Amino acid sequence: SAAENKKTSDKSAEVPPLLLRVLSDVDQNFASISTADELSRRHFVSSSTLGRLFSKYLSVSPKSYLEAKKLSASVQCLKNGCSVTEAASKAGFPDCSNYIRLFKSRFGVTPKRFAERYQKN
């Protein structure tokens, strides 16, 4: 119905410009942003305000959003034949063992195993 369509378009229209700027920043610079606190500082907003915005509009924490972006980039890199170390580095994970742990907890498999499976297919 028209009312339902209006609701969905309103949802995107009401996303605050600040959040749109932060999301755009993450999309473009995720590899160089290490923490959610750094994201707050880059946009001159408190961590709690940023957390509330992410929670309200995306139902996820800034930290989780940033991690998901990095993991997603690392997956693309692994699919393109990068080594695990290279994928971690390009996606902005300074610590390879932390990256492997996070990858495994998110996807249930190590990046190396993921890459091996992907290259067989």
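1. Ser64 is found in helix H5; helices (H or I, at least four residues) and strands (E, at least two) are DSSP runs numbered from the N terminus. With a relative accessible area of 26%, Ser64 is partly exposed; buried means under 20%, exposed over 50%, and partly exposed in between, for a 1.4 Å probe and protein chains only. Ser64 and Phe54 are ten residues apart along the chain, and 9.8 Å separates their C-alpha atoms.

2. The model is a predicted one, in which local features need pLDDT of at least 70 and side-chain atom pairs count only at pLDDT 80 or more, while totals for chains, interfaces and linings use all residues. Residues are numbered from 1 along each chain as its sequence is written, and side-chain values use heavy atoms, with hydrogens and water left out.

3. On the overall make-up, the chain has eight helices and zero strands. Read from the N terminus, its elements run α-α-α-α-α-α-α-α. Of the 121 residues in the chain, 36% are buried. Among contacts (heavy atoms within 4.5 Å) with a separation of 6 or more, 52% join residues 24 or more positions apart.

4. Ser74 also deserves a look. Ser74 lies in helix H5 and has a relative accessible area of 0%, so it is buried. Apart from neighbours within four places in sequence, Ser74 is in contact with Ala87, Ala91, Tyr99 and Phe103. Of these partners, Ala87 is among the H6 residues that meet H7, and Tyr99 is among the H7 residues that meet H6.

5. Helix H6 (residues 84-91) and helix H7 (residues 96-107) pack at an angle of about 90°, and their axes are 10 Å apart. The angle makes H6 roughly perpendicular to H7. Axes are lines fitted to C-alpha atoms, for helices over the stretch in contact, and angles between N-to-C directions run from 0 to 180 degrees. Under 35 degrees counts as roughly parallel, over 145 as roughly antiparallel, 65 to 115 as roughly perpendicular and the rest as oblique.

6. The H6 side of this packing includes Val84, Thr85, Ala87 and Ala88, which meet Cys96, Tyr99 and Ile100 in H7. By class, the residues of the contact are six nonpolar, one polar and no charged. Here Ala, Val, Leu, Ile, Met, Phe, Trp, Tyr, Cys and Pro count as nonpolar, Asp, Glu, Lys and Arg as charged, and the others, Gly among them, as polar.

7. The whole structure holds six aromatic pairs. A pair of aromatic rings is described by the distance of the centres and the angle of the planes. The ring centres of Tyr99 and Phe103 are 5.8 Å apart and the planes stand at 65°, so this pair is edge-to-face. The rings of Phe, Tyr and Trp (its six-membered ring) pair if their centres lie within 6.5 Å, with planes under 30 degrees apart stacked, over 60 edge-to-face and the rest tilted. Tyr99 and Phe103 are both in helix H7, four residues apart, about one turn of the helix. Both Tyr99 and Phe103 are buried.

8. One aromatic cluster is formed by Phe93, Tyr99, Phe103, Phe107, Phe114 and Tyr118. Over the ring of Phe93 sits the charged end of Lys70, 5.8 Å from the ring centre; the criterion is NZ of Lys or CZ of Arg within 6 Å of the ring centre and within 35 degrees of the ring normal.

9. Phe44, in the loop between helix H3 (36-42) and helix H4 (47-58), has a positive phi of about 50° although it is not a glycine. Phe44 counts as exposed because its relative accessibility is 79%. Ser59, in the loop between H4 and helix H5 (62-79), is likewise not a glycine, and its phi is positive, near 55°. Its relative accessibility is 66%, so Ser59 counts as exposed.

10. His43 is in the loop between H3 and H4 and, at 16% relative accessibility, counts as buried. Its C-alpha is 7.9 Å from that of Leu18, a residue 25 positions away in sequence. Not counting residues up to four places away in sequence, His43 touches Leu18, Arg21, Val22 and Asp25.

11. Glu38 belongs to helix H3. This residue is buried, with a relative accessible area of 18%. Residues up to four places away in sequence aside, Glu38 touches Ser32 and Ile33.
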